Amino acid sequence: MLHHDLPSLEGGGAGVDLVHGDDAADAVLALASGLGTSRAFNLVGRERPRATELLRHVGDLLGVEPRFVPAAADDLGRFDPAVVAFVANERSVDGRRARSELGYRPRSDWRESMRAAAAGA
């Protein structure tokens with residue numbers, strides 16, 4: 001994706017919900033211990049970076065400079081559809097039920113998690 005032209009949208013593009021595996025494991029353990037009910041729970045990270053912030057960070061870690069091209073929301077047809085789907089399409093889940101019923105509190109910082117993954121940790 002970093003080798004494609006990327007639309008640079010006002011506000012940084014869509015928000016991206018990221019969850020670290022350790023945080024997800026905490027939620028599973030809370031469920032296994034009897035917290036919560038037999039309902040679905042959405043897990044979210046501590047922060048919700050914008051797509052451009054995430055791609056810049058990943059680019060820094062990989063030594064690749066993302067090619068952001070100024071674009072308006074009505075001018076996205078010139079970009080790869082998969083790129084547009086990631087950068088421009090807002091998608092979000094509500095993690096309040098997991099917080100209130102499971103006591104879910106994500107601990108992991110997405111930037112640190114990406115650094116560790118890039119370093120092979």
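**A walk through the predicted model**

Leu 76 is buried, because its relative accessible area is 14% and the cut-off for burial is under 20%. This is a predicted model. Leu 76 sits in the loop between β2 (67–70) and α3 (81–88). Leaving out residues up to four places away in sequence, Leu 76 touches Pro 7, Leu 9, Ala 71, Val 84 and Ala 88. Sequence separation and distance in space can be set side by side here. Leu 76 and Ser 92 are 16 residues apart in sequence, and their C-alpha atoms are 21 Å apart.

Now step back to the whole chain. The protein has five helices and two strands. Along the sequence they follow the pattern β-α-α-β-α-α-α. The C-alpha trace spans about 50 × 35 × 20 Å along its principal axes. Of the 121 residues, 32% are buried. The protein exposes about 7,200 Å², and carbon and sulfur atoms supply 53% of that area. Contacts can also be sorted by sequence separation. Take the contacts between residues at least 6 apart in sequence: 88% of them join residues at least 24 apart.

Next, the interior. In soluble globular proteins, nonpolar side chains tend to be buried together. Which residues touch the most other members of the largest nonpolar core? They are Leu 6, Leu 55, Leu 76 and Val 87, in a core of 16 residues. Helices α2 (51–62) and α3 each supply at least two residues of this core. A second, separate core has six residues, among them Ala 27, Ala 98, Leu 102 and Tyr 104.

Setting aside neighbours within four places in sequence, Val 87 is in contact with Pro 7, Leu 9, Gly 13, Ala 14, Ala 51 and Leu 55. Pro 7 and Leu 9 are also among the residues that Leu 76 touches.

Helix α2 comes next. It has twelve residues and reaches 16 Å from its first C-alpha to its last, close to the 16 Å expected at 1.5 Å a residue. Its buried residues are Ala 51, Thr 52, Leu 54, Leu 55, His 57 and Gly 59. What do the buried residues of α2 pack against? They pack against β1, β2, α3 and α5. After the helix comes Gly 63, with a positive phi near 70 degrees.

His 57 counts as buried because its relative accessibility is 12%, and burial requires under 20%. Beyond its neighbours within four places in sequence, His 57 is in contact with Trp 110, Arg 111, Met 114 and Arg 115.

Arg 111 leads on to helix α5 (residues 110–118). Asp 109 caps the N-terminal end of this helix, with a side-chain oxygen 3.0 Å from the backbone nitrogen of Arg 111. Just after α5, Gly 120 takes a positive phi of about 85 degrees.

The buried residues of α1 are Asp 23, Ala 27 and Ala 30. Why do they lie on the same side of α1? They cover an arc of only 60 degrees around the axis, which puts them on the same side.

On the buried side, the cover includes α4 (96–102). Ala 27 is buried in α1 and is also one of the members of the second core. Just after α1, Gly 34 takes a positive phi of about 105 degrees.

His 3 lies before β1 (5–8). Buried or exposed, how does His 3 count? His 3 counts as exposed because its relative accessibility is 60%, and the cut-off for exposure is over 50%. His 3 still touches Val 64 and Arg 67, with residues up to four places away in sequence not counted. His 3 and Ala 71 are 68 residues apart in sequence, and 17 Å apart in space from C-alpha to C-alpha.

How values were computed: Residues are numbered from 1 along each chain as its sequence is written. This is a predicted model: local features need pLDDT of at least 70, side-chain atom pairs count only at pLDDT 80 or more; totals for chains, interfaces and linings use all residues. Side-chain values use heavy atoms; hydrogens and water are left out. Helices (H or I, at least four residues) and strands (E, at least two) are DSSP runs, numbered from the N terminus. Buried means under 20% relative accessible area, exposed over 50%, partly exposed in between (1.4 Å probe, protein chains only). Contact means heavy atoms within 4.5 Å. A polar contact is a pair of N or O atoms within 3.5 Å; within protein, one must be able to donate a hydrogen and the other to accept it, and residues adjacent in sequence count only if both atoms are side-chain atoms. The arc is that of the directions from the helix axis to the C-beta atoms. Accessible areas come from the Shrake-Rupley method with a 1.4 Å probe; for residues, only the protein chains shown count as cover. A nonpolar core is a set of buried Ala, Val, Leu, Ile, Met, Phe, Trp, Tyr and Cys residues joined through side-chain atoms within 4.5 Å. The expected span of a helix is 1.5 Å times one less than its number of residues.
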